[in-house]
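Biologist: I have not looked at this one before. Can you walk me through it?

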Amino acid sequence: MSKEYKRKRNLYNPESLKPYKISRSKIELFIECPRCFYTDRKLGVGRPRGFPFNLNSAVDELLKNEFDQYRAKGTPHPLIHKNGIDAIPHQIKELDVWRQNFKGVQYHDTQTNLLLHGAIDDLWINSDGELIVVDYKATSKKDKIDRLNDTWHITYKRQMEIYQWLIDKNGYSVSNTGYFVYCNADRSRQDFNNLLEFDVNVIPYKGSWSWVSSTIQDLHTCLNDDSVPAPSKYCEYCAYLDATSAVHKHI
Ligand code: SF4
């Protein structure tokens with residue numbers, strides 16, 4: 001494998017002195033399937049990219065602008081007030097960087113020489129001085145969204161817990177209760193009129209981030225292993241790939 005190829009693909013090199021960056025989404029990828037993670041980070045073949053969710057990003061941006069106005073005033077946003085939450089948007093100089101993709105909240109784990117990072121949407125603070133992680137979500141579903149009870153919501157919960165872990169590792173006091181500001185666009189209206197209307201719910205989630213450190217250790221062991229991990233039992237794609245390669249051999 002040429003040096004140039006390695007540099008471009010940002011592949012894991014255990015001999016490098018530079019910390020190797022692992023984002024929150026790559027931790028999630030490792031949890032979903034160590035084989036896919038290994039193929040991406042060590043062998044340089046990532047999953048195909050999905051389409052960008054531009055409408056979701058627009059909602060995130062607008063929410064950030066709105067919460068920032070209350071941050072500047074030091075008062076609770078009406079949604080915080082309406083939900084009886086003891087918090088205000090936190091004014092902290094680090095937030096600008098903590099919100100940036102590819103930077104975010106970072107923690108250098110010296111034991112593994114991994115630089116873990118993840119970009120948060122917002123940060124509030126309660127009257128005990130604990131930092132509260134806030135994540136914005138936007139979608140459009142028929143049913144009201146006021147809880148995270150679908151199986152796949154585990155991804156969102158882990159996302160929150162990784163952010164809480166990162167902030168904790170940076171030496172801040174973190175509340176284990178985080179919030180999802182969930183915006184659900186109404187699709188039942190008769191007319192569009194160039195307007196999307198959202199039902200917005202603030203959903204609390206009590207996180208427990210004790211699993212993160214051991215997962216980082218496992219992920220590091222995986223990166224240092226010379227053998228490719230087994231495919232996930234629950235993924236249909238590897239079985240599909242095996243089946244198509246078998247068919248192709250006979251063409
Ligand atoms: S099992 Fe699925 S997720 Fe894992 S490597 Fe194969 S395609 Fe990727």
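Modeller: Below we go through the overall build, the ligand site, a helix and some loops. The model is predicted, so local features need pLDDT of at least 70 and side-chain atom pairs count only at pLDDT 80 or more, while totals for chains, interfaces and linings use all residues. Residues are numbered from 1 along each chain as its sequence is written, and side-chain values use heavy atoms, with hydrogens and water left out.

Biologist: How many helices and strands are there in the protein?

Modeller: Nine helices and eight strands. Helices (H or I, at least four residues) and strands (E, at least two) are DSSP runs, numbered from the N terminus. The C-alpha trace spans about 60 × 50 × 30 Å along its principal axes.

Biologist: And what share of the residues counts as buried?

Modeller: 40% of the 251 residues. Buried means under 20% relative accessible area, exposed over 50%, and partly exposed in between (1.4 Å probe, protein chains only).

Biologist: Which residues are around the ligand?

Modeller: Cys33, Arg35, Cys36, Arg47, Pro231, Ser232, Cys235, Tyr237 and Cys238.

Biologist: What about α3, which of its residues are buried?

Modeller: In α3 (residues 34-41) they are Phe37, Tyr38, Asp40 and Arg41. They lie on the same side of α3, because they cover an arc of only 165° around the axis. That arc is taken from the directions from the helix axis to the C-beta atoms.

Biologist: Switching to the loops. Where is Phe192?

Modeller: Phe192 sits in the loop between β7 (177-185) and β8 (198-206). Phe192 counts as exposed because its relative accessibility is 53%.

Biologist: Where does Asn194 lie, then?

Modeller: Asn194 is also in the loop between β7 and β8. Its relative accessibility is 70%, so Asn194 counts as exposed. Phi of Asn194 is near 60°, a positive value in a residue other than glycine.

Methods. A residue is near a molecule or strand if one of its heavy atoms lies within 4 Å of it.
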